[in-house]
Structures are given as C-alpha cells and as structure tokens.
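Okay, thanks for letting me jump in.

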Amino acid sequence: MARDLGEGVLRGLHVLEYPYKRSLGPVLGPFFTALREQRILGIRTRTGRVLVPPAEYDPETGEALDELVPVGPGGQIVSWCWVARPRQKQPLPHPFAFALIRLDGADSALLHAVDAGEESRLRTGARVRPRWAEEPQGGIRDLACFELAE
Amino acid sequence: MGDADPVKAIVTPVRLEYQCSAGRAATRFLRGLAQRKILGARSRPGEPVYVPPRGADPRTAELTEEMVEVSDRGTVVTYSIVRVPSENIKLELPYVCINVLLDGAGIPFFHVLQNCPLEEVRIGMRVRAVWVPDAELAPAVTSIRYFEPLGEPDVPFEEIEEHT
Amino acid sequence: MAERCAVVGIGQTKYDAKRIDVSMPGLLREAALRALEDAELGFGDIDAVVVGKAPDTFEGVMLPENFLADAVGATGKPLLRVHTAGSVGGSTANVAISLIQAGIHERVLAIAWEKQSESNAMWGLSLSPPFQVSVVAGAGGYFAPLIRTYIRRSGAPEDTGIRVALKDRQNALKNPYAHVRIEDVTFEKIAGSPMLWDPVRYLESCPSSDGACALVVTSEAAARSAPRRPAWVLGTSMRSEPNQFHRRDAVNPRAGQLAAKDLYQQAGIRDPRREIDCMEIYVPFSWFEPMWMENLGFAPLHEGWKMVYEGATALGGDTPVNMSGGVLSSNPIGASGMCRFAEAALQVRGEAGEHQVDGARLALGHAYGGGSQYFALALFGSERP
Amino acid sequence: MRDVAIVSFAQWNGIEPERNEVEILRPVVQEAVERSGLARQEIDFTCSGSSDFLQGAPFAFVLALDAVGAWPPIVESHVEQDGAWALYEAWVKIQTGEVDSALVYAFGKTSSGDMAEIQALQLDPYCVTPLWPDADSVAALQARLFLERSGCSDRELARVAARSRRDAMDNPFAVAKGDFALEKLLAEPCRVSPLRDHDCPTHTDGATALVIAAGERARGLCERPVWIRGIDHRIDPPALGVRDLTRSASTSLAGEKAGVRRDRLDFAELSAPYTHQELILREALGLPASVRINPSGGTLCAHTLMSCGLNRIGEAALRIARGEGDRAVAHASQGPCLQQNLVCVLEGE
C-alpha cells in the first residue's frame, strides 16, 4: 500500500469506499418508485408551488408537505454548463451538459444531465424530455439523462 | 417493470481516492522498521521518547526531532483478548491485542501478542518483537509480525501503571 | 454576566438499529418536531439551529447539515455544526446554551443525530488512512484494555460490568424510545453472552443505532412563557486533552476530572454524591459506569465499583445512573451525548415517565469522546438558579 | 456585547505533499500564539474547524490536537465547518463572560484528493450526488444564471481574475498569481462553460490560526487591536433549483445584522472561490465601487477548503493592524453556490 519514494516522505493511496444505503421515507420513496415507472412526481407546498425533486418539508418554513403531484415529463432548461471532459462517475461518457431543468408543472428546477451532442445546440430556455434508463433500479439515474426536444 | 415492490431505499456507492502522506516523523519511524529498528523521537535528552513519533510532544506541541532507537523488547501495560472480527484486521480469532511499553519508550503502543496461551497473558509480562524475514521487511508496521513472551520475570504493576 | 438558560422542549426519536422507515431529513425532523411540540413552538419561533453529529463518513455526506438546513427550519438563520467525536451530542447542547447565555438569541434549537445504518459503524470507526494502520478492533478494541487496567487498579470484582449491564438493560424496559429492549434479561444471560473484547461481553456493549435528539433552549424571559416546567441550566463545561502522551492516564483522564470540577463550581456543588439526585452518563461499555463514578467525583479512587455493588446507581438507589437505559441501550453516536442531557433534563422536569427518579431536582448530563479525551457536561435543575 | 478583537494571526498556504495535517498546522498555531503575547496556558478557550472528508477518514481534528499542546486539558470545541464558524463560536463564548481569550484555527490538506469531486458529497445525497456534479460544474450553473440575469460578460469575470492574481503577487501565501492580460485570459478555452480556468479556484493546502481577546485584555496585548464590530452568519435552502442562485440572500441578511452598511468601508475580503461569486457577493453586501476587493488575492488565488473563510478574516485583520485601512468586511462561505455565509465587520482604532 505504501509507496516508497526513496528518501522522501512515504505516501500511500487511501480509498474511501462504501455502498451507502439510504432509506427514503414517505416522499422520496414514492418519487423513486414513480421514476422506475417512468413517471415524475413533484410536491405541492401550502402556497401552491410545486417542488421537483419533492421534499418532505417546505424549504422556506420547514412545514411538512405530503401532496405529491405528477409533473413533466418535458421541461425547460433554466441554466446549463458544458462538461467538455466528463468524469468517470458522471452520467454520460461523452461531453454533455449539466442543467437545471424546470419540468412542466413545476416551480423549482431539477439538476440533471442533458445529452445534446455539442455545446452550440444548447441554450437557456430550450425544451428537453427525459431519456429513461434501460434497466431502472429505483433511483435518480432511472432518468438516464434529458435530451433536446426541438 | 412497474409492478415490483415500492422503492424504499437506494444504494449510492461512494469511492474516493486520497494520496496520504505519512508525514516526516512517521516516515522516519517506518523506514527504521524496514531496517529492524524501532525509532522514537524526543524533544531533547531527558524528555520522553515517543514511539511511534508524532512529530511533536502532544502535551506541549514542542517538536520532537531527536531520533532515539528503542529496544524491541518491552512490557505489556494492558491488553484485551479480541474475539470479534473487524474489517481492518485479518487475524485469526481470538487474538491478543497488547499495549506494549518498549524499553526506552515513553508511551505504549498497540500491537498483537502471539505464541502465548490466552490464560497466561497478563499485565507486566515481558515480551519481544518478532520480525518478518529480511525479504519481507518494509517501511510498515507489519514488519513486526507480532510480539511474543520473553520469559523474563514480570514487571511490578506499580512501575507501569502510569503508562495506560 | 451570562444570561440564564433553560431547556423548554425535548424531543427524541425511537432509536433502532435501522430506521429504514425514514430518510435523514425525516429522522432529524422526528426529534425536532417533538421538541418544538413539547415547547409549543414552531420553526418560525426559533432564532438559530445548532446541529451535532459524529463523523460525516458514517452517512457519506460531507457537512450534511447544509443539505438538511431547510429540513430543520434553519433557512435564513444561523446554523452551526459541532463535531467533538463521541461527546458531540453534549457539546452541541452546550454550544446552543452558550448562544442563550451570551444574550445573542432567545430560542435555539439543538439537534444531534446519527443514521449509522447508512453504512456500518465498525467499518466507519476502523477507517484509517495508510500509516495509521492499527490492530485496534473498533471502539471495543480500544477501550477494553483500559477496562482491564481499571480492574487491576481497583480490584473490582469481575462481575461488576455484568451488574451495570443488567441494571441499564432493565432500565431500558421502562423507556419507550430505547433501542435494545431485552424483556427477559438476567444476570446469567449477560454473563453468558459472547465475550467480544475480553473483558467486555456482547451484552455489556453498546449497540449501533439510528436516532436523533433535539432540545429547545431559551432565555429566562422566553422560559417564563413555556407551557411546561423548564429544566434550568445550572452549569456547562467542556475539556479536551490529547489522544496519547507520556504518562497519560486514559482510565481516569484529567480532562474529565477538570470538566466535573468546573461544573460543580459553577453550580455551587460541594458534595456531588449527596447533592446531585441522578445522572445520565456516557457508558458505551458497562465498566465505564464505575470508572466515571470516580472520574466525576462520586466515588473515591478505586471505589466506583462499590456504588454498583451497593445498588447506589440503580433506579431506587441514592444516586441513580442511566435511568433511561443509557448508551448501552441506544447509541446513535452523534446523538448519544444529547440523549444523556435530554434524559437528565426530563428528570428535573419530572417527565421521565416510568424511569422517573422521585423528586429529582438536580441531574447531571455527561458525554465523552475520542480516546476518553473529550468531555462535555451539563447540570440541570428544577429550580431557577 | 463585549468588545472582542483579533490580536494575532498566522497562516500558511501551499502544496506540500510531504507534510501531514499536524505538521502543517503546528507551526501556524505556534506562530499565532507567540504573536498574541499570551502563553498557551493563558488562552482560555480553543475552537477549530475542519472536515473529515478532506482526508477521507474520521476524526481529523482529534489528531490535530497534537499541534496545539492541549496539556493540561483545555476548554475546547470543534466545528465541522470552515474555521470562520469556529471564530464565531469562540466569539460567542467570550460573550458569555466565561472566557476572555481564544485560539481559533482551521486546516485543510486539499492536495490529498480531488476537491472538485469530493464536494459533490455536499449535495442532496438522494437526487444529486448520484450524478456526481463536480464543484466546477455546480458553480458554472450559477455563473450562467448570474451572467444572464445581470448582463455581465465573461470579460467582467476575467477582470476579477486579473485583478485578484495581480494583487496576489504581494501575498506570499497566494498560489495563483501574476500579471495577466485580459485578452490572454479570455483566449483560454472553457473548463466548464461558461467558466474558464481563471474563473475557478486554485486549491491548496493550508492552515490559519488567530487569537482573539476581549476588551482590556486585547488592548494590553497589541498596539492596534482589530475589533470585531459585528459578526453574523445565515444559511439558504440547499436545493439548487429552489433558491435564486444569482443572489445571496443569506449574505445580505448576515451583512445587515453584522452592520456592514453602518459606516464607510476601506476594503473587503470575500470568500468567492469563483469569479462570478465575487460579483454576487458585492451586490449582496451593497459594496460601492470605492471598496477595494480582496487585496490578498482572495480565495480564487488560494482555495484552502475549510480554512479559507477564517483566512479572509485574518487577512483583513492583518491589513487593518498594519494601518492599510481602518474598516473592512470579511466574509466566509461554505456549501454549494454560496449556500451559507458569515460576515464579519472589522475595525481598527
């Protein structure tokens, strides 16, 4: 494990690795269950805003929320950045965009990947639609990514 | 698809790589082990020898730059018999974990005792390090395979009590 | 100069090995909402939030209170995150109390939590970078040798630890939140449980739990409008010392002694054994009860075990210890210290239910962490100081 | 409130793979203590900030105690936050009247790992971390929103970088420094569009320590104590798609509570790891053009995760102590897209 660099100080690789298991509770559970069935759910706050991904509570007041509502599947890009050199853990192996996407019927934006081929095709406000994973596992990556809908 | 049980949990694997530095003090100690030497460090003569060296005396944060070789023989200050597996230790159960105060050292450190019937392990017992063969010596704690009984008379508890 | 402070809301989750019914936000909210309900307050009434938790690697989220900020109603508010190893639950409460004592806030929510089932505690605690490779098997592997030294020094009978475990496990049956509840627990059952780190047996060891604990602490003015009897803070103290140094006494650490001395001085306590009615202290392995009795000044040196033998620390004894079942019965590491404080506060409020000590007026909360290095204490009273 | 002043400051930044955390921290703590004029045992309280994820193993701060000399036992606490929050806790402790002085320190050895990737673990662990958006990408999402909302161009971002790197030339502890022509910077390709390399922070190892003391104690220790006139911190909701990323509501609120606008300011030290974040922060704090920003070169030129916020406060105090200004605002930030912010107003007499 230790690398001996001659006279210098010893250095070594340390790996932090664990398959963390996350229980989901009453809101994220149904959200991911729906994703597995290619449906997207948001949650409605007391003031009528719809949040996606859904939260168990209102982000401003902490008040408990429970009214899940269907949203999307299409949506609009609110912001994006172009990842020219994707990292190994990221959703796509070739250059792609991370984007904040406001799904139809939602008031907040979801962060996900957009497979657009090249940067020049992207713009804020562009319409996108989901591309579903071929083998859904129950998780955010059941949405493989989004793609341009125009 | 779609008719399975509701999703109640997800698995999110994490794997992060780090390049760690042993630091200057521990490097000297580890390189010593590769030469069958146990090196400690102290701030100046008369002060306790820290084994392994920590770079500084934790009481004062004074640098401990003077390297001092200590004996590979010492005294069991305390111990426990481990009968439960743990992920970081690949020893056959049960094994004896000892806090050993090496002759010349100012603090004890944890290692393993072998070649000793469990019922004979005791506080005050004299032990010595058993090294790996020359070919396997490395700048690592594992260069000391384990400690074993030395067969010398026990050290009275009063003389080691303060070193727990 | 310091403002008076009181605990007016206490909330605990049900502790369990795996709280798979809740998310991390859900776990914190269970405790936070119960504490707020107890105080008849809402998130909107809270000025600041202090969150405590042991290592982030347990849940695999870096600075998790940031993603949990809105779950605990901290949006637009100050949020602090304390981490002082195993003592963190106690330190978190103490930091929240200091925000009141400093006169900065009127009402502060303190929450401590751990969701150990997201990973595995043995893995989490043995995780060490190269060059620190150690033959220490988890917390038990570290603390068992200290217990061995304690036994040698004090001459305590070998079954002292079993007696402590029996008492705590029986107490746990009176606590609806407790994780480990063994209905038919007996001395023989504990004595016959597997030896893990000799001299520590399985049933003398703490479990690994999911759970959260929350306190609402307020100023004197705010405490006046509290719906239930407040638990007054009579003192808080914290001390730390390095992990290892020449002639360090890790069995009876100086940091713990000084923290206790400081606390008693603040509260004007001269004879803790006589004046303090009961206590909730951090006992992850049964033998730590007699060890801490000496460290905290309740028993003379080498005589802590006699309190166990005489039944002094039992629920009906003169100095009941860990009436809730303690850390031996519920151990969400980051929260365990705050659970001690919460249970001590419940006692002086007279709201500890089946495990209430009759007429408890003064109760001690205690937590420790690291290699018996970090200490956080608080003393709660039924009467305003 | 009791008057509290910063009486000494020490720092070290740089990439030094040879030294471990304790070896990096020890001389910095020692220097801050020595400069304070107090003996270690005379300092009443100690508080530190760090994150276990920088080394990938628990209890980083426990070993760090070796760097302090915590014997006899000390009154101590630790926040798993940037050291600026440790300073806040220490300031609170002094306000309780229990203590009169405190040592505050923070450290981060960022060269051990991939900081941009590790910071993905600060995001929503259910819906966002599994996509592993790196810190640069997350900041880029904020940058585009800001540019589109404000009408600023990438040229204005490059100006921030050029000015910071030029100022950093005077700072021995800054790592990204030099005189760069705007056109040259703008000719760089994007790292994560719209951000170029110069818009992103240069990560470095570092440690920061300072000593604070109350009222008369502080006056007795140094010629020109730097008074903490106001200090406050606030947090915004975490979800990136919920809050307005182009504004920093928590910075505005903390700034208002800390009294940023109460008087004229000479300069500001802002924790803005990305160029566009400096512009967001200036707006949030309402800083006029006359206020000099980041004379140290700022976080952009030396991003010492977990200590850079405390470092800003130290840098500001250092300049005031030297008479290079009388009143300054120092700011610390942590969490994705400036989620949590601390604002501290400093003043010399």
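So, where in chain D is Trp132(D) placed? Trp132(D) is in the loop between helix H4 (115-118) and helix H5 (135-150) of chain D.

Quick housekeeping. This is a predicted model, so local features need pLDDT of at least 70 and side-chain atom pairs count only at pLDDT 80 or more, while totals for chains, interfaces and linings use all residues. Residues are numbered from 1 along each chain as its sequence is written, and chains are lettered from A and ligands numbered from 1 in the order in which they are written.

Back to Trp132(D). Its phi is near 50°, which is a positive value in a residue other than glycine. Is Trp132(D) buried or exposed? Trp132(D) is buried, with 20 other C-beta atoms within 10 Å. The cut-offs here: buried takes 20 or more other C-beta atoms within 10 Å of the residue's own, exposed is 12 or fewer, partly exposed is in between, and the C-beta atoms are placed from the backbone.

Asn322(C) sits in the loop between helix H12 (304-309) and helix H13 (326-329) of chain C, and it is buried, with 28 other C-beta atoms within 10 Å.

While we're on backbone geometry, let's do the cis peptides. In chain D, the bond from Trp71(D) to Pro72(D) is cis, with omega near -5°. Pro72(D) belongs to the loop between helix H2 (60-64) and strand S3 (76-79) of chain D. Over in chain C, Asp198(C) and Pro199(C) are joined by a cis peptide bond, omega about 15°. Pro199(C) lies in the loop between strand S5 (195-198) and strand S6 (200-201) of chain C.

Now, how does S5(C) pair with strand S6 (residues 73-82) of chain B? The two run antiparallel, over two bridges, and pairing here requires at least two bridges found by DSSP. And here's Asp198(C) again: it is the bridge partner of Ile81(B).

That brings us to the contact between chains C and B. It takes 36 residues from chain C and 37 residues from chain B, where contact means C-beta atoms, placed from the backbone, within 7 Å. On the chain C side, the elements giving two or more residues are H4, helix H5 (138-154) and S5 of chain C. H5(C) gives the most, with ten residues. By type, that side of chain C has 21 nonpolar, nine polar and six charged residues. For the bookkeeping, Ala, Val, Leu, Ile, Met, Phe, Trp, Tyr, Cys and Pro are nonpolar, Asp, Glu, Lys and Arg are charged, and the others, Gly among them, are polar.

Chain C also touches chain D. That contact takes 49 residues from chain C and 50 residues from chain D. On the chain C side, the largest share, five residues, comes from H3(C). This side of chain C divides into 26 nonpolar, 16 polar and seven charged residues.

Let me finish with the overall look of two chains. Chain B has two helices and ten strands. Its radius of gyration is 20 Å, well over the 15 Å that the globule rule gives for 164 residues, so chain B is more spread out than a compact globule. That radius is taken over C-alpha atoms, and the rule is 2.2 Å times the number of residues to the power 0.38. Buried residues make up 45% of chain B.

Chain D has twelve helices and twelve strands. Its radius of gyration is 19 Å, close to the 20 Å from the rule for 349 residues, so chain D is as compact as a globular protein of that length. In chain D, 74% of the residues are buried.

Last thing, confidence. Chain D averages a pLDDT of 96, with 100% of the residues scoring at least 70; pLDDT is the predictor's confidence in each residue, from 0 to 100. For the complex, the predictor gives an ipTM of 0.97 and a pTM of 0.97.

Technical notes:
Helix = DSSP H or I, 4+ residues; strand = E, 2+ residues; numbered from the N terminus. Contact = placed C-beta atoms within 7 Å.
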